[in-house]
Amino acid sequence: MSVERTLVLVKPDGVSRGLTGTILSRVEAKGYTIAELKRVHATRELLEEHYAEHVGKPFYEPLVEFMLSGPIVAAVFEGERVIEGFRSVAGTTDPTTAAPGTIRGDFGRDWGLKVQQNLVHGSDSTESAEREIGIWFA
Ligand code: DAT
Ligand code: MG
């Protein structure tokens with residue numbers, strides 16, 4: 001068994017649509033535990049660090065602008081294989097085609113070439129999780 005931690009962000013679209021509680025409760029209901037939780041207005045500096053791997057990609061600037069557009073709820077969830085487990089609950093990146101039953105599949109869609117508005121972020125590996133938790137919960 002491997003107890004892990006992952007960074008979960010409810011992005012500005014999730015917060016502004018009043019889906020924070022619904023999203024967090026789905027993750028808790030799957031059996032993961034909230035270890036840290038806060039509401040944050042991200043800064044550009046913080047987002048540049050968080051999304052360092054995407055610098056230079058065509059969607060990078062719209063993504064950062066979107067993440068600056070309103071408050072975010074940041075959480076650390078913990079549990080066995082929570083990194084994969086959260087990504088499974090979240091669904092695939094494009095909310096239009098994410099599977100029904102997932103957060104992105106049930107609540108998201110493309111609002112006009114804006115794949116970045118996909119409600120949630122979840123770390124993709126143990127290394128990313130520790131790096132991202134250090135950024136958001138310094
Ligand atoms: P994920 O959030 O599923 O891990 P990612 O790390 O590849 O996806 O990308 C980070 C975010 O960037 C993603 O949640 C939404 C946005 N994004 C990714 N690919 C995109 C694209 N082709 N067009 C617009 N936004 C994109
Ligand atoms: Mg990612």
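Q: Is N118 buried or exposed?
A: In this predicted model, N118 counts as buried, because 25 other C-beta atoms lie within 10 Å, and the cut-off for buried is 20 or more.

Q: Where does N118 sit, and what does it touch?
A: N118 is in the loop between helix 6 and strand 4, the strand that covers 120–122. Not counting residues up to four places away in sequence, N118 touches T93, P95, R104 and G108.

Q: T93 came up there, so where is that one?
A: T93 has its place in the loop between helix 5 (82–90) and helix 6 (103–107). Leaving aside neighbours within four places in sequence, T93 is in contact with V115 and N118.

Q: And is T93 buried or exposed?
A: T93 counts as exposed, because it has 12 C-beta neighbours inside 10 Å, and a residue with 12 or fewer falls in that class.

Q: What does UniProt cover with "binding site"?
A: According to the unreviewed UniProt entry, the "binding site" annotation covers K11, F59, R87, T93, R104 and N118.

Q: Is H121 buried or exposed, and what is it in contact with?
A: H121 is buried, with 22 other C-beta atoms within 10 Å. Leaving aside neighbours within four places in sequence, H121 is in contact with V8, L9 and K11.

Q: New topic: how many residues are in the largest nonpolar core?
A: The largest nonpolar core has 28 residues, and those with the most contacts inside it are V8, I23, V27, F77, F86 and V120. Strand 1 (3–10), helix 2 (20–30), strand 3 (72–80), helix 5, helix 6 and helix 7 (126–136) each supply at least two residues of this core.

Q: Which element gives the most?
A: Strand 3 gives the most to this core, with six residues.

Q: What does V120 touch?
A: Not counting residues up to four places away in sequence, V120 touches V8, L9, V10, K11, G14, I23, A90 and I103.

Note on methods
Residues are numbered from 1 along each chain as its sequence is written. Chains are lettered from A and ligands numbered from 1 in the order in which they are written. This is a predicted model: local features need pLDDT of at least 70, side-chain atom pairs count only at pLDDT 80 or more; totals for chains, interfaces and linings use all residues. UniProt positions are given in the numbering used here, feature names are shortened, and annotations may be inferred rather than shown by experiment. Helices (H or I, at least four residues) and strands (E, at least two) are DSSP runs, numbered from the N terminus. Two residues are in contact if their C-beta atoms, placed from the backbone, lie within 7 Å. A nonpolar core is a set of buried Ala, Val, Leu, Ile, Met, Phe, Trp, Tyr and Cys residues joined through C-beta atoms within 7 Å.
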